[in-house]
Amino acid sequence: MKMGNKILVIDDEPLVVEVLKIRLEMNNYEVIIARDGVDGLERAMREKPDLIILDIVMPGLDGYQICRKLKEDRKTKTIPVIMLTALGQSAGRKKGYSSGAYDYIFKPFDDEELLNSIERALKYKK
Amino acid sequence: MERTSQPDVFLLNIAYKYTGLLAGLVWALTLILKEIPLNMFAQAFSVILVTVLFNITSTKMMLKGKFLKLNKILIGPLNVIFVALLVYYSGGYKSNLWVMFLLPLIIVSLVYTPKQVVLSASFVAIICSLLYFFQTERIEFEGVAWLLLKIGIFFVVSLLFTKIVDLETKHRRAFQEKSRELTKTQDYTDNIVKSMLDSLIVINPDGRIEKINKAALDILGYRERELIKKPVTRIFSQKDEVLFRDPQWEELLKKGFVRDFESTYVTKKGDRIPVSLSGSVMRDGEGKTEGVVAVVRDMRALKTLIAGLEKAGREIREYSESLEKKVDERTKEIRKHAHEFSIIYEISKGISYTLDIHQILETIMGSLHRLIDYDVFASLLMEGKKGELIIESYHSVNEKFLQAVKSNLAGVANSLLGRDVRVEDLRVTLRKEKSFRLGQQVKGELESFLNVPLVIDNVPMGILHISSFRKNAFSEDDIRILHTVADQVASAHKKLKDLIFKEKRKIESMVESMSEGVIMTDENDNLVVLNPAAKGMLGISSIDSMPDEEMWNYFRKLKLGRMYQKLSEQAGSEVVTEDVDLDEPKPITLKIASSLVRNHLGERLGVVTILRDITKEKEVDRMKSDFISFVSHELRTPLTIVKGFVTIMLDEASSRFTRDQKEHLSYINESIDRLSRIISNLLDISKIDAGRLRLQKKSIDVGSLIKRVARSFRLYAKSKGIKLEISFDSKLSRVLADPDRVTQVLTNFIDNAIKFSDKNGEVFIEAKEGKDVIEVSVADSGIGISPENFNRIFNKFQRVEKGVSSKLRGTGLGLPISKEIIRLHGGEIWVESEAGKGSKFTFTLPQK
């Protein structure tokens, strides 16, 4: 079912990206990577991933801005976005949802929580 | 795949390669150097064929994991026999057999255990003896056929060797693949070890260091060779040596592990570093102790981190306290100002000077009666066309009497003050002197009158009047006295007016120069005062030509309407305050305080509003919360990486790690979770300090919440041999509370209860209805708390006893956070306990 689903990871922390890549590939997802917001938006347009995992605190565009941009564009607005952040405040969570995120997960994340959320998001998209 | 498969494959590789090669070599030598009988040749050929076939099949089977044991036992001895046979056939039978069999025996003993060597040797001995007895006839064979046969055999042998080499290459590839994966795993492990900065020390059963990693060497300042094979006590302080000496060491080896042993490193330079040691005993396949793998964590970083956070927290707290104090002082000051202004405003606007004259008159009148004997005293004060007539009488008076006084005074006013005063324009206030000649009835007509004009600032303002029922009641002296009194009243009033005027000017200039904005409105909400500071804050240059509508736009921005509303709803002259953000003319935050102004009768005269710019204070507040988010973010990011890799290793690498290694990984995982909890706790505490902990309340069912939380502890409790019991009424009413936060409190209670309980203890969770509350308690059978500590444990960074704290770890923040959460819910939290007999923690949530 989930075989071949393409996930775009946007995060500026290379080792976090590496962890996510390994973990997601272990679960048969195809993973593409962007290190910043501009790159992330471009890849989202070009590669049309099935889902996007998005960090919030990044140089340049932050996660909220990226999410809003994704939701504004006709081509990318149906892609579910899961925000993954080391910010630990519930205010951030509200802000995340209001910028259009499907889910908001705190770092350090629990694998099961993340994978469940991804699965739910993909199902929801369908 | 089994754990043992790697060494087996490796051994097999050697055995198989060397027996094969040896066989080939011997065979080649024989063919070239010796002439041997055909039947012998044929036998030897069959032996080679069998050898090769056997090795190929057994290798294949072992790679597939079939008949591992059987193959392991057979491959050695059989190969020895094969080699021995070959040696024999190549002419060895002519000389001393025992020497001949030495070579294969040496090979076998290099590769296999002694048991197998002895077994092989016995086999060899038997076979050799048999062969020795049965070697009899020889058949000669000459010519072309013999040559052809030799060539044919060469061909077949080469073919077989190709097959062997083929198989061997395949096998080697598989082996290399495995090693590569192993190296990859090794890299991950290295990465983790690097990120954790933990020391890894392998200690042999004698207490000597077997292996030590770079992190440890870096901390200790030793070189590797200075420590290898040296007693491990060298790097720990003397106090901690007990762990490495019997009986503790013995006990550790028996128990198999040690957790979070708090000890101290002694570096080469002699520095002492606080560390926490966790170790596991390594055992070989037969359960023999091979040593101890110790993971030693440098606690400096964590201690510095906590100390740093504590310090930052303290500084922030101090700052916010001083800020709070400042704001408090500010508020007080503003309130004071507002109050002062209301009085002055009252004087300058609301109070007519007539009132002051009344006060003066009253004081004067108190003594006047002692000087003049009169029955009625009246004072008439004019305000424009209207007059206020106050009549003091020592008698019960009737309407006729009043009419007489009124018409008399009105007439006199016309002549004395030169004004046209009509009786209807007089407002009459009747005062009775109760203590004086009470109850005496008015008898007859008033016979004598005395009227004296009251002249203030050269303007006749009123009349003082006395009258009596007696004829010729007032003497010349009386007339003089009344005149003097009138003069005194006039001069006193003048002085008072000057004073008020001066005071008013003082206040006005003060208001003008104040850094706070001041806005005053009268009883009809018309603007009376708007000082320059207020104009600056609102960006108003001049109010002279400003229409009211525009003015009120400004006031709306200040939410003044709402403030006025609040004021009118509240009784008394309460001060109402509010924080308002303005975008224009520049973005600022204002603290606004409004206060009602009333006159002495309690009538509302207007509102005074003070504006204070608190933009800077707010900014500092924002910086503080930014700092907290930053710390949180910076700490959680590396934790995410470490946790991510560890869980990948735990998940994926089931075949790559030994059980011990996996256990170590799960320790790392647990520690990360703990560290992340500590960070969350510290953040919670700083939020509480800043008063920014907010609840997201909704209606919750406490019973099912308890069930859910208790379920999450089931495994932990089981691992400690502790029984968890729940009891609650299924008809508990729902409460309005923040489910996440209540879960946090309950989790903290249960976690503590299990942590502080002995093996076979019991933890009892109960929920019941109290008076207007739901009461939830967690009781344990643990070490208990003495009464003098009941309050301390709810304070920050406090735990009960030193001895306890070294064994049972935590941040000491759980209970203070719980206390605050329950306080915010409007509930209560407490503990009942007796040292040694367990404790019972209880919290309540108010029912709504």
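Student: Which residue in β5(A) is the bridge partner of Met83(A)?

Tutor: The model is a predicted one. Within it, Met83(A) has Tyr104(A) of β5(A) as its bridge partner. This pair belongs to the contact between β5(A) and strand β4 of chain A, residues 81-85, where the two strands run parallel and are joined by four bridges.

The pairing is part of an open sheet in chain A, built from five strands in the order β2-β1-β3-β4-β5 with parallel pairing. The edges are taken by β2 (30-34) and β5 (103-106) of chain A; each has a single partner strand, so one side of each is left without a neighbour in the sheet. From one strand to the next the twist averages 20°. As a general point, side chains in a regular strand alternate between the two faces of the sheet.

Helices of chain A pack on this sheet. Helix α1(A) touches β1 (6-10), β2, β3 (51-54) and β4 of chain A, and its direction makes about 165° with that of β2(A). Helix α3 of chain A, residues 63-72, lies across β1, β3, β4 and β5 of chain A and runs at about 175° to β4(A).

The side chains of Lys21(A) and Glu25(A) meet in a salt bridge, with 2.9 Å from N to O. Both residues lie in α1(A), which spans residues 14-26, and they are four residues apart, about one turn of the helix. In general, side chains of opposite charge can pair when their charged atoms come close. Over all chains, the structure holds 16 salt bridges.

A cis peptide bond, with omega of about -5°, joins Lys107(A) and Pro108(A). Pro108(A) is placed in the loop between β5 and α5 (111-125) of chain A. The other feature is at Lys48(A), a residue other than glycine whose phi is positive, near 45°. Lys48(A) sits in the loop between α2 (37-47) and β3 of chain A.

Chain A in turn meets chain B. The contact takes 18 residues from chain A and 20 residues from chain B. About 1,900 Å² is buried between the two chains, with carbon and sulfur atoms giving 66% of that area. The count of salt bridges between chain A and chain B is zero.

Chain B has an open sheet of five strands in which the pairing is antiparallel, in the order β2-β1-β5-β4-β3. At its edges stand β2 (209-212) and β3 (257-266) of chain B, each with a single partner strand, so one side of each is left without a neighbour in the sheet. Neighbouring strands here are turned by 30° against each other on average, direction ignored. Helix α19 of chain B, residues 659-689, packs on the sheet and touches β3, β4 (272-283) and β5 of chain B; the angle between the directions of α19(B) and β4(B) is about 145°. Inside the sheet, strand β1 (residues 199-203) and strand β5 (residues 289-298) of chain B pair in the antiparallel sense over five bridges. There, Ile201(B) has Ala294(B) as its bridge partner in β5(B).

Elsewhere in chain B, β13(B) and β14(B) form a hairpin with five residues between them. These strands, residues 575-582 and 588-598 respectively, pair in the antiparallel sense over eight bridges, and Val576(B) has Ser594(B) as its bridge partner in β14(B).

Definitions and conventions: Residues are numbered from 1 along each chain as its sequence is written. Chains are lettered from A and ligands numbered from 1 in the order in which they are written. This is a predicted model: local features need pLDDT of at least 70, side-chain atom pairs count only at pLDDT 80 or more; totals for chains, interfaces and linings use all residues. Side-chain values use heavy atoms; hydrogens and water are left out. Two strands pair if DSSP finds at least two bridges between them. Axes are lines fitted to C-alpha atoms, for helices over the stretch in contact, and angles run from 0 to 180 degrees between N-to-C directions. Contact means heavy atoms within 4.5 Å. Buried area is the accessible area (1.4 Å probe) that two parts lose on being put together, summed over both. A salt bridge is a side-chain nitrogen of Lys or Arg within 4 Å of a carboxyl oxygen of Asp or Glu.
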